Amino acid sequence: MNLLTDPVGITHYLIVGAILFVTGAVCMATKRNALGVLMGIELVLNGANVNFVAFGSEYLRPGVLGIGLDGQLIALFVIILAAAEAAVALAIVLNFYNNHSTVDVDRADELKG
Amino acid sequence: MDPASTLPVLLGLAWLVPLASFTLILLFGPRMGKHGQGAGMLATAAIGTSAVLSLIALFFVWVPNYDWAPEHHAAHAEHGSAEHHETGHGEAEHGDHGQDAHGADEHKAEEHKTASEHHEWHKPYVAGEWYTLGQFGKLRIGISYYIDSLTVTMFAMITFIATMIHFYANGYMHDELHEITDHEVTLSDGHHLHRPGRFHRFFQYLSLFCFSMLGIVIAGNIAMVFVFWELVGICSYFLIGFYIERKSASNAANKAFIVNRVGDFGMIIGLMILIATLGTFSFGDIDTDGDGTAEPGIFSLVRTEANNHALVVPDGMVRAAAHSEIAAGVEPTAEQIAKWRADTGPGGVGRTAYWLLIVAGLGIFCGCVGKSAQFPLHVWLPDAMEGPTPVSALVHSATMVAAGVYLVGRFYPVFTPEALLVIAIIGCITLFIAATIAIVAVDIKRVLAYSTVSQLGYMMLALGVGGWSAGMFHLITHAFFKSLLFMCSGSVIHAVHTNDMTKMGGLRHKMPFTAYTMLAGCLAIMGAGIPFMIGLSGYYSKDAILAQALSFKASNPQWGFLFYVASVGAAITAFYMFRLWFMTFAGKPRDHHAYDHAHESPKIMYYPLIVLAVLAVVVAWPFWPVSIVALLEQARPEGFHETVNGVLVSNLTHPAEHISHEPNFHNQATWVATFVGLSGLGLAIVFYGLSLLNPAEVARQFKPLYTFLWNKWYFDELYHYIFVKPVLFIANRVAEFDKVVIDGIIDGLALLTRMIARLDDLSDRYLVDGFVNGLAAWTYATGSKLRSAETGRIRQYVMFIVVGTVAMFVLISLYIS
């Protein structure tokens, strides 16, 4: 199977999702800036969202699913979750900045063992 | 004034006033006046009130109301009139029933019959019940009274002498008003005991003592007697042990109490026989159920009116003896009982019943032996000298020892001739043993103590040979002179601070009142008098005893030794009393230090001495309008106006007492008494008055005898070996058994328990604790190791998550596919 020649199918979506996910994870693991880490989280979540939407699409997987709206619903749910998470996380970052005058996550090591 | 209702009130009050004093002092004693001085005054006032009440009862209630014929009694007491008149014994309101009784034996029976046919013959007494404690079937126990002339006389005597002693004690005990240093008690740190004075406590006990003694005298039933008997015992215990810190005093108190318990054991047996067979404790006839007829008391049961008051075995005892022949639920008929009663041959029912009566009597007498310090229980009385001297005076005259003799007198109707013989023999032995010990004693109070024992022996002897009024008479006269003698000795001890007569001498110059009042006492106890003219109190009572013993000897020649021993005892009495007087008051001072410090006692102490000395001289004179003999004669137990014969012991005859008043006995006895008294006195003068013979030399000559007497016939040693040693031996063995076996078992068990506990402890510590602690330590170590994973670096955590997820994915895809 050749991805470049084949028509766009679910595999392509999954590859895009995986790339987004990995990019996000790498971003989380490498960024010292808390805002960068949050962005990485967003990428990871959206990578997962692409997968959900792909798997839940009647168009991409004909005859497999019932009504075919599950993926979209979960994706919406994840978006809402991401929004809520961003609000909380940004509040934490703001507080962190107030206390430490920086947003470097490596400085947040007071609870280390 | 109705005597039957007045007497119980007067005497009851006289009895209870000392109790009130006791209670008040018990509650408020230390706060009464300075150092409790008021306690002495209160107690004295209380007993003084009792004395006044008793004397009123005697002179203003009893004497005017009950038939009274002093001239007859005075006549026969003094002259031994052959024509003997018993006075009528009816109560005054019944009229004067004179009863003409028999000078000669052969006329007696028919005369008596005539007399009882024509007259309601009643002994004057007042009996009743104040308060019923309980009724158990037929048996009734209550606070009752039995008042006859003996009761009234005893009340007057006890309260009067006790009053004198209280006055005296106020002076004698004044040391106790302050802090006291007891030089006879050395504490472990070498100092003498220092303690607060106990003046009030002394008078508290004294009041209780008087109350208890009066309780015995007024008691209307034998159970009540027993209660007050024990109260007297406990009071004597308190008072003998007054200086409780002294070892000797506490020992003496214990000895008195324990020896008395031995006697009381017998008394309880007697009581049980009476309770089981007669169903009543009451002395007199009291109408308790209110049906108009009086229930018969012990006296009426034993000496029924139907039988002319001669001793018969009561129906109850016959029934008890014949219990095997009586079918259950069947009441034996009167004929059957009479038949059984007559069956007195060996093995017969009547004999068993008779034995019951004897044992009941002897049981009661056992208690009297303990209380009146008769052989073989006389050992406690001399040791009782550890108490303060006023106590000795009280114990030895009016209370305690008098209680025993009084009870024998009170219980007289119940004693069979055989029991009386035992009493006589015991009395005889006692009087001789005690008199001989008194010869060598040097402690002034011990001489008097043995003299008391000896005189009590006289009383018992008199009672035992049928001389009821002689014994009671001697009890009264003895109370006067013995309290006098003791208080004199107390006065001497107070002056020279020692009891040892060998340190005295010549004291009559320093303390004339004491010396001459004591001389009066000595003469009285010796029985001095001009024969057939006049004499001191002891002269009359001792003569009466000797005359009765002589009369008994004439009727029972085989028991003649009783008279001889009594005569010899009288000589010894005179000897040791004057030995005491000469050693103390005459001659040259033996200890100049003591002599120089000697002084006459304060007035409060020697005034009572003078009063008692006068009474010791005159109290027994028969020419008073109210003579003691005539008074006592009124209370003579019914049935003892005539000669009594024994049943078990053959040839045992108790001659009637009036026989002893006849000239052939009375004159002989008077001469004998005078002769032995004078010979004893002469001997004392030879030894101690004029020092013609050296007593120490004589003591060396008769060394074994002297040692024997000095050691009090070795009674204490004997009892030590017979009773104390075996008890100690058994106790020691038991203690060893305890220590070795019982303690061994207990200790072994304890050891085992300890070992098991130790094992348990080990397992707990190493097994259980080890497990729990190990777990905790492991958890702790694991936690310590794991904490290093918490680096606090978020990027690293993300890396872990990613790597972990990938690793899980790889693993799952490797194993599951």
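In the predicted model, B:Thr181 stands opposite B:His194 of strand β4(B). The two strands concerned, β3 (residues 180-186) and β4 (residues 192-195) of chain B, run antiparallel and are joined by 4 bridges; strands are taken as paired if DSSP finds at least two bridges between them. Strands (E, at least two residues) and helices (H or I, at least four residues) are DSSP runs numbered from the N terminus. A hairpin is formed by β3(B) and β4(B), with 5 residues between them, and B:Gly190 in the turn has a positive phi of about 90°.

Residues are numbered from 1 along each chain as its sequence is written, and chains are lettered from A and ligands numbered from 1 in the order in which they are written. As the model is predicted, local features need pLDDT of at least 70 and side-chain atom pairs count only at pLDDT 80 or more, while totals for chains, interfaces and linings use all residues.

B:Phe136 stands opposite B:Leu139 in β2(B). The hairpin of these strands has 2 residues between them, and B:Gly137 takes a positive phi near 65°.

Helix α1 (residues 3-28) of chain B packs on α2(B) at an angle of about 170°, with the axes 9 Å apart. Axes are lines fitted to C-alpha atoms, for helices over the stretch in contact, and angles run from 0 to 180 degrees between N-to-C directions. α1(B) and α2(B) are therefore roughly antiparallel (over 145 degrees; under 35 counts as roughly parallel, 65 to 115 as roughly perpendicular and the rest as oblique). Their contact contains 21 nonpolar, 6 polar and no charged residues; Ala, Val, Leu, Ile, Met, Phe, Trp, Tyr, Cys and Pro count as nonpolar, Asp, Glu, Lys and Arg as charged, and the others, Gly among them, as polar.

Helix α2 (residues 37-65) of chain B also approaches α6 (residues 199-218) of chain B, the axes coming within 7 Å and crossing at roughly 15°. That makes α2(B) roughly parallel to α6(B). The crossing is left-handed, that is, the near helix is turned anticlockwise from the far one by less than a right angle (clockwise for right-handed). Residues of α2(B) including B:Gly40, B:Ala43 and B:Ile47 take part in the contact with α6(B), where the partners include B:Phe203 and B:Cys210; residues are in contact if their C-beta atoms, placed from the backbone, lie within 7 Å. By class, this contact has 8 nonpolar, 5 polar and no charged residues.

Helix α8 (residues 247-277) of chain B and α12(B) pack at an angle of about 150°, with their axes 7 Å apart. The two helices are therefore roughly antiparallel, and their crossing is left-handed. The contact of α8(B) with α12(B) has 12 nonpolar, 8 polar and 2 charged residues.

The loop between α12 (349-371) and α13 (380-383) of chain B holds B:Pro376, and the peptide bond from B:Phe375 to B:Pro376 is cis, with omega near 0°. B:Ala373 lies in the loop between α12 and α13 of chain B and has a positive phi of about 55° although it is not a glycine.

Between the chains, 12 residues of chain B are in contact with 13 residues of chain A. Helix α29 (residues 794-816) of chain B gives the most to the side of chain B that touches chain A, with 5 residues.

Methods:
Two residues are in contact if their C-beta atoms, placed from the backbone, lie within 7 Å.
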